[in-house]
Amino acid sequence: MLTLDKVYHASFVLKNIIRKTDMILAPNINPESEIHLKTENLQVTGSFKVRGAAYKISQLSEEEKARGVIACSAGNHAQGVALAATKNGIKSLICLPDGAPISKVEATRKYGADICLVEGVYDDAYNKALELKEEKGYTFIHPFNDEDVIAGQGTIGLEILDQIPDVDVVIVPIGGGGLISGVAFAIKELNPNVKVYGVQASGAPSMLKSVEDGKIEKLDSVSTIADGIAVKEPGDVTFAMCQKYVDGIVTVSDDEIAAAILALIEQQKLITEGAGAVSVAAAMFNKVDVKGKKVCCLLSGGNIDVTILSRVIKRGLLKSGRTYSLTIELLDKPGQLKGVADIIAKEGGNVISIHHERASEGSDINGCYLRIVLETKNFDHIAQIKKALTDAGFIIKSY
């Protein structure tokens, strides 16, 4: 049984391994509420996972340590295990899905672990790790379905209550459920009035489906930019704890996650990975009732691959109305392009790219199409530009 004493013990053990991450006020994430950010993206190894991994390894017997440890991970647990094992002079082998971001794979290697890339997603890496554990006799460090690991993650709950004693709502990402199990347990044991909500990517809602159905469900597949929470099946320990301590679970789309990552970069100068931003996405898009409340969004990690980041920023710009593509049907005569450009300039839009295409099949024989990508302020600004163009007699063909 997980106890509050164990969470406090984990906090004591981890004191010289992890950092107590800052709580930052973020007034513009949702102006209708008071949003604070728990910055575990700035944790040692760039993720909260080091807490659970390091505490679990500290509790191993000398015989278990001597056998070496093995773990499976989408990337962040891998780094936590690698760092904790290396600090304790223990050999570590990590099984990662072959689609894990290169930055996470290389960081894990740098922390001193041996790497085994496995074809598929997290669950495939998990099965491979269990195979190797039986074959070689390693000690297995589960990424979420383990009470010592959960106790380590629960230390974040203690810190949240210390940093915002009068917090109303805490929003936490969910993959396998280890993080929210620990955080919700610690918070509910100390202050049952605080609401704790979980967030999953809409392309990987394994815990949500399980809680809704009242039994553990395994998804056929998962698909999301939030690779850190792309888990097909929750654990039995975390499932039971979510049923008991979590007030509700919601989902956010990849577009909403991208918009949240962009908002954190622009407003807070913080980099998060997809999984790390889902709590902010839930608050931004009112998936959780935050109006008039003091809210803590847990940013679980910041280990995003730079190549993915550039794509995410593009998606985030689209989702938040910061870029817009439109196609205008014109007559192919002098001055048409100038007329469009003048209106866009007058309305404060900025043309990023333009493509002029002469008439295609089905259009007026004297017609042409103008495809424009604009930099805009928001969706109201887009509507304003479109209205000005249509008022001037231009025909907008796509939106």
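Which strands does H11 lie across, and at about what angle does H11 run to S9? In this predicted model, helix H11 lies across S1, S2, S8, S9 and S10, and H11 runs at about 90° to S9.

Six strands form an open sheet with mixed pairing, in the order S1-S2-S10-S7-S8-S9. S1 and S9 are the edge strands, each pairing on one side only. On average, neighbouring strands of this sheet are turned by 25° against each other, direction ignored. As a general point, strands of a sheet pair through backbone hydrogen bonds, either parallel or antiparallel. Here, S8 and S9 pair in the parallel sense over five bridges, and Val199 stands opposite Val250 in S9.

| S1 | 23-25 |
| S2 | 34-39 |
| S9 | 248-252 |
| S10 | 294-299 |

H11 also has a helical partner. H11 (residues 254-268) packs with H13 (residues 306-319) at an angle of about 100°, their axes being 7 Å apart. That angle makes H11 roughly perpendicular to H13, because the range from 65 to 115 degrees counts as such.

Which residues meet in this contact of H11 with H13? From H11 come Asp254, Asp255, Glu256, Ala258, Ala259, Ile261, Leu262 and Ile265. In H13 they meet Leu309, Val312, Ile313, Arg315, Gly316, Leu317 and Lys319. The residues of this contact divide into nine nonpolar, one polar and five charged.

Technical notes:
Residues are numbered from 1 along each chain as its sequence is written. This is a predicted model: local features need pLDDT of at least 70, side-chain atom pairs count only at pLDDT 80 or more; totals for chains, interfaces and linings use all residues. Side-chain values use heavy atoms; hydrogens and water are left out. Axes are lines fitted to C-alpha atoms, for helices over the stretch in contact, and angles run from 0 to 180 degrees between N-to-C directions. Helices (H or I, at least four residues) and strands (E, at least two) are DSSP runs, numbered from the N terminus. Angles under 35 degrees count as roughly parallel, over 145 as roughly antiparallel, 65 to 115 as roughly perpendicular and the rest as oblique. Contact means heavy atoms within 4.5 Å. Ala, Val, Leu, Ile, Met, Phe, Trp, Tyr, Cys and Pro count as nonpolar, Asp, Glu, Lys and Arg as charged, and the others, Gly among them, as polar. Two strands pair if DSSP finds at least two bridges between them.
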